[in-house]
Amino acid sequence: MSRDSTRQLSPNFKVREFACKGSDVVLLDDELVVLLQCIREHFGKPVHITSGYRTAAHNAAVGGSKSSQHLLGRAADFYVEGVDVATVAAYAETLLPSRGGIGRYPKDAAHPKRRTGWVHIDTRAGKSRWKM
Ligand SMILES: [Zn+2]
């Protein structure tokens, strides 16, 4: 972060958007940035990353799984301004038809306290889908 925080990774994303608070090191998978840039361009709306790389300590503090792809810099939680979770996830599905992780976290009747819904994507080799 001290060296590269403002470095542009793609037309719409900088290193600092993937950083973990308190950590100078940021692990980040190139393919993840490509996926997010595709999503940015497809919807033409700002993409807000709420969680990218996580250190083990931060991951534990937020209750993340011990095998979380966030620990490897291969995952991002994000929302697209003005676009609902189902629509974003459906588009992500076209980018990762047979592999990768896609998690849906809608703000809905079951989760009214969420500030916004969000989508998790990751670049794991296998395929995983979930809704929480
Ligand atoms: Zn996530």
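1. Alanine 109 is found in the loop that lies between strands E5 and E6. In this predicted model, alanine 109 has a relative accessibility of 78% and therefore counts as exposed, the cut-off being over 50%. The C-alpha atom of alanine 109 is separated by 33 Å from that of valine 34, a residue 75 places away along the chain.

2. The largest nonpolar core comprises 23 residues. Leu36, Ile39, Phe78, Val80, Val119 and Ile121 have the most contacts inside this core. Two or more residues come from each of helix H1 (30-43), strand E3 (47-51), strand E4 (75-80), helix H3 (85-95) and strand E6 (118-122). Of these elements, H1 gives the most, with six residues.

3. Apart from residues up to four places away in sequence, valine 80 touches Ile39, Phe43, Lys45, Pro46, Val47 and Val88.

4. On aromatic pairs, the count comes to three. One of them is formed by phenylalanine 43 and tyrosine 91: the ring centres are 5.7 Å apart and the planes stand at 80°, so the pair is edge-to-face. Because phenylalanine 43 belongs to helix H1 and tyrosine 91 to helix H3, this pair ties together parts that are 48 residues apart in sequence. Phenylalanine 43 and tyrosine 91 are both buried.

5. Which residues of H3 are buried? They are Val85, Val88, Ala89, Tyr91 and Ala92. These residues cover an arc of only 160° around the axis, which puts them on the same side of H3. An α-helix has 3.6 residues a turn, so residues three or four places apart point the same way. The cover over the buried residues of H3 includes H1, E4, strand E5 (100-105) and E6.

6. The face of H3 that is turned away from the buried side carries Ala86 and Thr94, both exposed. At the start of H3, a side-chain oxygen of aspartate 84 reaches to within 3.2 Å of the backbone nitrogen of alanine 86.

7. The zinc ion is coordinated at 2.0 Å by His70 through NE2, Asp77 through OD and His120 through ND1. The spacing of these donor residues in sequence is H-x6-D-x42-H.

8. Arginine 54 is placed in the loop between E3 and H2. Is arginine 54 buried or exposed? Its relative accessibility is 10%, so arginine 54 counts as buried. The side chain of arginine 54 makes a polar contact of 3.2 Å with the side chain of aspartate 77, and aspartate 77 is a donor to the zinc ion. Leaving aside neighbours within four places in sequence, arginine 54 is in contact with Cys20, Asn59, Val62, Gly64, Ser68, His70, Leu71 and Asp77. This list includes His70, another residue that coordinates the zinc ion.

9. Serine 51 lies in strand E3. With a relative accessibility of 12%, serine 51 counts as buried. A polar contact of 2.9 Å joins the side chain of serine 51 to that of arginine 54. Beyond its neighbours within four places in sequence, serine 51 is in contact with His70, Ala75, Ala76 and Asp77. Serine 51 and glutamate 17 are 34 residues apart in sequence, and their C-alpha atoms are 8.4 Å apart in space.

10. Glutamine 69 is located in the loop between helix H2 (56-61) and E4. Its relative accessible area is 12%, and the residue is therefore buried, the cut-off being under 20%. When neighbours within four places in sequence are left aside, glutamine 69 is in contact with Arg74, Ala75, Asp122 and Arg124.

Notes:
Residues are numbered from 1 along each chain as its sequence is written. This is a predicted model: local features need pLDDT of at least 70, side-chain atom pairs count only at pLDDT 80 or more; totals for chains, interfaces and linings use all residues. Side-chain values use heavy atoms; hydrogens and water are left out. A nonpolar core is a set of buried Ala, Val, Leu, Ile, Met, Phe, Trp, Tyr and Cys residues joined through side-chain atoms within 4.5 Å. Buried means under 20% relative accessible area, exposed over 50%, partly exposed in between (1.4 Å probe, protein chains only). Helices (H or I, at least four residues) and strands (E, at least two) are DSSP runs, numbered from the N terminus. Contact means heavy atoms within 4.5 Å. Rings of Phe, Tyr and Trp (its six-membered ring) pair if their centres lie within 6.5 Å; planes under 30 degrees apart count as stacked, over 60 as edge-to-face and the rest as tilted. The arc is that of the directions from the helix axis to the C-beta atoms. A polar contact is a pair of N or O atoms within 3.5 Å; within protein, one must be able to donate a hydrogen and the other to accept it, and residues adjacent in sequence count only if both atoms are side-chain atoms. Donors are N, O and S atoms within 2.8 Å of the metal (3.2 Å for Na, K and Ca); water is not among the atoms, so sites may look incomplete.
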